[in-house]
Amino acid sequence: MKPLNILFFLVILTGCSLDTSKQNIAELEWLVGDWVDEEHDYYESWTTAGDALMGTGLTITEGDTVFSEVLRIADDEGVLTYYAVVSDQNDGKEVPFKLMHSDTAWVFSNAGHDFPNRIIYTKQNSGQMTVRVENSDRTLGFILQLKRRP
């Protein structure tokens, strides 16, 4: 291969890798809005914030917030990463989950975290999504069936 062809190939390859995370963020913009799983009294809300998505999750029982989390999806050195800060856990620090797969479901993984190891977002038909929270061996998990709130 000629040096000019190699240089051209590297420029194209580098350009594609730089655009990948932005394409992935754009692909997740369907999350933006308010969601609810009425069976579990869980509410999730997402907004755009520059090149990231910001979210909150709440479980409300009898009018009291019994669980809350702050969520963020952003590029981390070329890898789309889901960050969660859960109230009263992990000393208030963000726990990162790296995007591992995104064909039909966005699988975010952190094998070093005690629970969960994986958080999986799957877009269902219009206005619905499934969030599966599990360990790597698919145990100790739960599934949320969320519907978009008007």
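## Exercises on a predicted model

In this predicted model, the side chain of histidine 113 comes to 2.9 Å from the backbone oxygen of phenylalanine 115. The exercises below begin with that histidine and then turn to other residues.

**Exercise 1.** Determine where histidine 113 sits in the chain, whether histidine 113 is buried or exposed, and which residues histidine 113 touches.

*Solution.* Next, take the relative accessible area, which is 12% for histidine 113; because buried means under 20%, histidine 113 is buried. Then list the neighbours: leaving aside residues up to four places away in sequence, histidine 113 touches Asn90, Val95 and Phe97. Finally, look at the side chain of aspartate 114, with which the side chain of histidine 113 makes a polar contact at 3.4 Å.

**Exercise 2.** Describe the setting of glutamine 124 and find which side chain is joined to glutamine 124 by a polar contact.

*Solution.* First locate glutamine 124, which lies in the loop between strand 8 and strand 9 (128-134). Its relative accessible area is 34%, and glutamine 124 is therefore partly exposed. Apart from residues up to four places away in sequence, glutamine 124 touches Met129 and Thr130, and the side chain of threonine 130 is the one joined to that of glutamine 124 by a polar contact of 3.0 Å.

**Exercise 3.** Examine the salt bridge between glutamate 94 and arginine 72, and state where each of the two residues lies.

*Solution.* The general idea is that side chains of opposite charge can pair when their charged atoms come close. Here the side chains of glutamate 94 and arginine 72 meet in a salt bridge with an N to O distance of 2.9 Å. The pair links distant parts of the chain, 22 residues apart, with glutamate 94 in the loop between strand 5 (79-86) and strand 6 (95-101) and arginine 72 in strand 4 (residues 64-76). As for accessibility, glutamate 94 is partly exposed at 37%, and arginine 72 is also partly exposed, at 24%.

**Exercise 4.** Work out which residues are linked with Glu134 in a network of salt bridges.

*Solution.* Begin with arginine 132, whose closest N and O atoms in the salt bridge with glutamate 134 are 2.2 Å apart. Continue with arginine 138, whose side chain meets that of glutamate 134 in a salt bridge at 4.0 Å, N to O. The network as a whole links Arg118, Arg132, Glu134 and Arg138. To finish, compare accessibility: glutamate 134 is buried at 1%, arginine 132 is partly exposed at 29%, and arginine 138 is exposed at 56%.

Technical notes: Residues numbered from 1 in each chain as written. Predicted model: local features only at pLDDT ≥ 70, side-chain atom pairs only at ≥ 80, totals over all residues. Heavy atoms only, no water. Buried < 20%, exposed > 50% of the residue type's maximum accessible area, 1.4 Å probe, protein only. Polar contact = N/O pair within 3.5 Å; in protein donor to acceptor, adjacent residues only side chain to side chain. Contact = heavy atoms within 4.5 Å. Helix = DSSP H or I, 4+ residues; strand = E, 2+ residues; numbered from the N terminus.
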